[in-house]
Amino acid sequence: MKVMKHIFFAGIIYVGMMSCQGDNVFPKYVPFDGMNGKIEMITEKDYTTRDRFGVYEKEDLVAENKKIYDKYGHVLVDEYYDGSGELVAAVTKYYDGKEFLGELPPDKHNVLDGEVMIIERGKDFARFENGYTVKWKGLTQWSYNENGIKVSEFLFNKDFYTIEWKAFDEEGKITYRETNEYDDNNMLIRKVQYRTDGKLSVKYEYKEFDDMKNWTLRYAIDEDSGEVILSEREYCYKK
């Protein structure tokens, strides 16, 4: 499961990094993750496939993602499950209206342990009670740990979608790099991941959409091996 191993777990790492909101906090969030309509919940399931005469048929469930949104389009809960249904990671966020307050770390063992609150904020930084600091300038954001060491760097496009991010070790060496390519509608069409164990390039193709023009069937294609992960989405819209 090369595609799912890399793409799925990478998503866990950066899922909360774009959601800081407030008049003086960057970056601004993308309501409902860029989907159309007012969404209450998204359920996404990922499957391995087999190719039957040019048609990909789903086989084994390998991952599931559930997202719950508030009325402003903030992600409140973001849960990841493996193919057996076991929770492997979750991020819970806290808001006061449109104001981002904090989140729980993406670790299933810490899901109910408490909030990670912003305790100081400026025009170009926010400091959390766990010692981490986020700074930004233009369309770039940096995160520093409690020792002041840079641990990540994000670059956004003009619509606040992540186009590149890097993770660093304590010596400042890049341990992970990811680039994202979008179409004119900000739909992800290619993700390239550079890891210590090699490079993975995945192309995305969207095959089916619902009445709100949100995708319901997508292929993630490993451009080296040709392996395909089929993803299905169901949307629950707010009434």
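A search of the whole structure turns up 18 salt bridges, a salt bridge being a side-chain nitrogen of Lys or Arg within 4 Å of a carboxyl oxygen of Asp or Glu. This is a predicted model, where local features need pLDDT of at least 70, side-chain atom pairs count only at pLDDT 80 or more, and totals for chains, interfaces and linings use all residues. Residues are numbered from 1 along each chain as its sequence is written, and side-chain values use heavy atoms, with hydrogens and water left out.

**The chain overall**

- The protein chain has 1 helix and 16 strands; helices (H or I, at least four residues) and strands (E, at least two) are DSSP runs, numbered from the N terminus.
- Buried residues make up 46% of its 239 residues, where buried means under 20% relative accessible area, exposed over 50%, and partly exposed in between (1.4 Å probe, protein chains only).
- Of the contacts in the protein chain with a separation of 6 or more, 35% are between residues 24 or more positions apart; contact here means heavy atoms within 4.5 Å.
- The accessible surface comes to about 12,600 Å², and 49% of that belongs to carbon and sulfur atoms (Shrake-Rupley method with a 1.4 Å probe; for residues, only the protein chains shown count as cover).

**Salt bridges, one by one**

- Arg127 and Glu120 pair up through their side chains at 2.7 Å, N to O. Arg127 is partly exposed at 33% relative accessible area, and Glu120 is partly exposed at 33% as well.
- Those two residues also face each other across strands: Glu120 stands opposite Arg127 in S7.
- Lys150 meets Glu153 in a salt bridge at 3.5 Å, N to O. Lys150 is partly exposed at 29%, and Glu153 is partly exposed at 21%.
- Lys203 and Glu205 form a salt bridge at 3.6 Å, N to O, with Lys203 partly exposed at 28% and Glu205 partly exposed at 25%.
- Arg50, Arg52, Glu57 and Glu59 are tied together in a network of salt bridges.

**The S6–S7 hairpin**

- Strand S6 (residues 118-121) and strand S7 (residues 125-128) run antiparallel and pair over 3 bridges; two strands pair if DSSP finds at least two bridges between them.
- A hairpin of 3 residues takes S6 into S7.

**Glu164**

- Glu164 sits in strand S11 (residues 162-168) and counts as buried because its relative accessible area is 17%.
- Its side chain makes a polar contact with the side chain of Arg177 at 2.6 Å. A polar contact is a pair of N or O atoms within 3.5 Å; within protein, one must be able to donate a hydrogen and the other to accept it, and residues adjacent in sequence count only if both atoms are side-chain atoms.
- Leaving aside residues up to four places away in sequence, Glu164 touches Glu153, Phe154, Leu155, Arg177, Glu178 and Thr179.

**Nonpolar cores**

- The largest nonpolar core has 19 residues, of which Ile39, Ile42, Tyr69, Tyr204 and Tyr235 touch the most other members. Such a core is a set of buried Ala, Val, Leu, Ile, Met, Phe, Trp, Tyr and Cys residues joined through side-chain atoms within 4.5 Å.
- Strands S1 (39-52), S14 (198-209), S15 (215-222) and S16 (228-237) each supply at least two residues of this core, and the largest share, 4 residues, comes from S14.
- Apart from this core lies another, of 7 residues, including Tyr95, Ala126, Phe128 and Val134.
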